[in-house]
Amino acid sequence: MSRPLLAVSRATRTARLTSRRFATATDSSYYAEKQAIKEHAQHTKELWRKISFYGCVPATLVCIAWVRNVEAEHEAHVEHVKEVNGGEVPRAPEYEYLNRRAKPFPWGYNTLFYNSHVNKDMSLPSDE
């Protein structure tokens, strides 16, 4: 027999002789620990479910109500300022360090998130 075949036959004989030995089912501490882990996981799952439904959902609703109230007050203030100034919001001061543009963005002078109701229109840069 050649050397490679001899090595293969020896390896297969060794593999047939050694078989896997599994743990017997007599050790009940493993199963008790496994059951304890499952019970703990069930209790923890219920705890976080209760925290989510009875804590996070009401907190989110309170935050929604608070933000709605603050925004309503802000809108009322803006309307008051418009009323005092003849129907228009007064112009913001032209500070030289605000809204500086060294060169335009690829899409123009306004930012990507430009909103005409909130932001200053930078399409015509100021002369410096």
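Let's start with Asn110, which is found in the segment after helix H2 (28–84); helices (H or I, at least four residues) are DSSP runs, numbered from the N terminus. This is a predicted model, where local features need pLDDT of at least 70, side-chain atom pairs count only at pLDDT 80 or more, and totals for chains, interfaces and linings use all residues. Residues are numbered from 1 along each chain as its sequence is written, and side-chain values use heavy atoms, with hydrogens and water left out.

**Around Asn110**
- Asn110 has 14% relative accessibility and so counts as buried (buried is under 20% relative accessible area, exposed over 50%, partly exposed in between, with a 1.4 Å probe and protein chains only).
- The side chain of Asn110 comes to 2.6 Å from the backbone nitrogen of Met122.
- Beyond its neighbours within four places in sequence, Asn110 is in contact (heavy atoms within 4.5 Å) with Phe105, Lys120, Asp121, Met122 and Ser123.

**Aromatic pairs**
- The whole structure holds three aromatic pairs; rings of Phe, Tyr and Trp (its six-membered ring) pair if their centres lie within 6.5 Å, and planes under 30 degrees apart count as stacked, over 60 as edge-to-face and the rest as tilted.
- Tyr30 and Tyr31 make an edge-to-face pair, because their ring centres are 5.2 Å apart and their planes stand at 80°.
- Tyr30 is partly exposed at 47% relative accessibility, and Tyr31 is partly exposed at 49%.
- Phe105 and Trp107 form a stacked pair, with 5.1 Å from centre to centre and 10° between the planes.
- Phe105 counts as partly exposed at 33% relative accessibility, and Trp107 is partly exposed with a relative accessible area of 48%.

**Arg91**
- Arg91 also has its place in the segment after H2, and its 70% relative accessibility makes it exposed.
- The side chain of Arg91 makes a polar contact with the side chain of Glu94 at 2.7 Å (a pair of N or O atoms within 3.5 Å; within protein, one must be able to donate a hydrogen and the other to accept it, and residues adjacent in sequence count only if both atoms are side-chain atoms).
- From C-alpha to C-alpha, Arg91 and Lys120 are 9.6 Å apart in space, while 29 residues apart in sequence.

**Tyr54**
- Tyr54 is in helix H2.
- With a relative accessible area of 67%, Tyr54 is exposed.

Technical notes
Helices (H or I, at least four residues) and strands (E, at least two) are DSSP runs, numbered from the N terminus.
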